[in-house]
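Biologist: I would like to walk through this protein with you. Can you show me the model, and then take my questions one at a time?

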Amino acid sequence: MDGTLLDSEKLWDMALRELAEEYGRELTDPVRHALIGASGPNAFRILFAGLGIEHTPEAVAEASEWMERRVTELFHGPVPWRPGAREALEMVRAAGIPMALVTNTKRSLTEYGLDTIGREFFGATVCADEVPHGKPAPDVYLRAAELLDIVPENAVAIEDSPTGSIAAQAAGCALLVVPCEVAVPDAPDRTFRESLVGLSVADLARLVRVRANS
């Protein structure tokens, strides 16, 4: 969702920098980049370590409540699409290919994103707080495949971050990487595009064939 379909990483960036200011700290770019794609528990470990704040259950609960309140406010405003994302969703739906949304964003906030995207595109949506482990673990992808009644090896995952890419490949999916805020390292079985503009069903089918033959 964030950074792949919606250009919402900028909203998270704003909220995280404001949270750092609440602690009298400044969020550095390396710490911010490490947070992209991270699930809630991992994100707060990274954030607190980067800000030099003790990682306690009480501190995490307080920061989590603050972030949810602020991000909710930001998601109530206009959230721009990533280039070609809406057209890609419409193309896949028209072809009758089942789709799932998988995200490390918690369900309560994902629902606001779905208000912009549209729930009608997805046969399933899976959030990090609905599985044992968020990305980079494969759980969200494995659960989505289960809900769609498909095997992951016949699926294409579209990701924008290193964390998400690791999760998708660990689940066995073919992987299309469209980087957003941070670079994603090149690695075996990763196909890259600059954007989703012009994506076709043939492109997706080719990725599955290549994955099967690798």
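Biologist: How many residues does the largest nonpolar core have?

Modeller: Keep in mind that this is a predicted model. Residues with the most contacts inside the core are Leu27, Leu47, Met67, Ile117 and Phe122. The largest nonpolar core has 46 residues.

Biologist: Which helix gives the most to this core?

Modeller: Several elements each supply at least two residues, among them helix H1 (9-22), helix H3 (40-51), helix H4 (57-75) and strand E4 (174-177). With seven residues, the one that gives the most is H4.

Biologist: Which residues does a second, separate core include?

Modeller: This second core is separate and has 15 residues. Nonpolar side chains tend to be buried together in soluble globular proteins. The second core includes Ala144, Ala167, Cys173 and Leu175.

Biologist: Back to the largest core. Which residues are in contact with Leu27, leaving aside its neighbours within four places in sequence?

Modeller: Leu27 is one of the residues with the most contacts inside the largest core. Leave aside its neighbours within four places in sequence, and Leu27 is in contact with Leu16, Arg17, Ala20, Arg32, Leu35, Leu47 and Leu51.

Biologist: Are H4 and H6 roughly parallel or roughly antiparallel to each other?

Modeller: Two packed helices are described by the angle between their axes and the distance between the axes. For H4 and H6, the axes are 10 Å apart and the angle is about 5°. Angles under 35 degrees count as roughly parallel. H4 and H6 are therefore roughly parallel.

Biologist: How many nonpolar residues has the contact of H4 with H6?

Modeller: H4 brings Glu68, Val71, Thr72 and Phe75, while H6 brings Ser108, Leu109, Tyr112 and Gly113. By class, three of these residues are polar and one is charged. The number of nonpolar residues is four.

Biologist: Does Ser165 count as buried or exposed?

Modeller: Ser165 has its place in helix H8 (residues 162-171). Beyond its neighbours within four places in sequence, Ser165 is in contact with Glu159, Leu175, Val177, Val184 and Arg190. Buried means under 20% relative accessible area. Ser165 is at 0%, so it counts as buried.

Biologist: And Glu21, is it buried or exposed?

Modeller: Glu21 is in helix H1. Exposed means over 50% relative accessible area. The value for Glu21 is 58%, so this residue is exposed.

Biologist: What separates the C-alpha atoms of Pro138 and Gly172?

Modeller: Pro138 sits in the loop between strand E2 (124-127) and helix H7 (139-148). Not counting residues up to four places away in sequence, Pro138 touches Ala167, Ala170 and Ala171. Pro138 and Gly172 are 34 residues apart along the chain, yet their C-alpha atoms are separated by 8.6 Å.

Biologist: How far apart in space are Val197 and Ala85, C-alpha to C-alpha?

Modeller: Val197 is in the loop between strand E5 (190-192) and H9. Leaving aside neighbours within four places in sequence, Val197 is in contact with Pro83 and Gly84. Val197 and Ala85 are 112 residues apart in sequence, but in space, C-alpha to C-alpha, they are apart by 7.2 Å.

Biologist: Which peptide bond from Lys135 is cis?

Modeller: Look in the loop between E2 and H7, where Pro136 lies. Omega is near 20°. The cis bond runs from Lys135 to Pro136.

Biologist: What does Asp189 count as: buried, partly exposed or exposed?

Modeller: Asp189 lies in the loop between E4 and E5. Asp189 has a positive phi of about 65°, although it is not a glycine. Asp189 is at 44% relative accessibility, so it counts as partly exposed.

Technical notes
Residues numbered from 1 in each chain as written. Predicted model: local features only at pLDDT ≥ 70, side-chain atom pairs only at ≥ 80, totals over all residues. Heavy atoms only, no water. Core = buried A, V, L, I, M, F, W, Y, C linked by side-chain atoms within 4.5 Å. Buried < 20%, exposed > 50% of the residue type's maximum accessible area, 1.4 Å probe, protein only. Helix = DSSP H or I, 4+ residues; strand = E, 2+ residues; numbered from the N terminus. Contact = heavy atoms within 4.5 Å. Axes fitted to C-alpha atoms, helices over the stretch in contact; angles between N-to-C directions. Parallel < 35°, antiparallel > 145°, perpendicular 65-115°, else oblique. Nonpolar A, V, L, I, M, F, W, Y, C, P; charged D, E, K, R; others polar.
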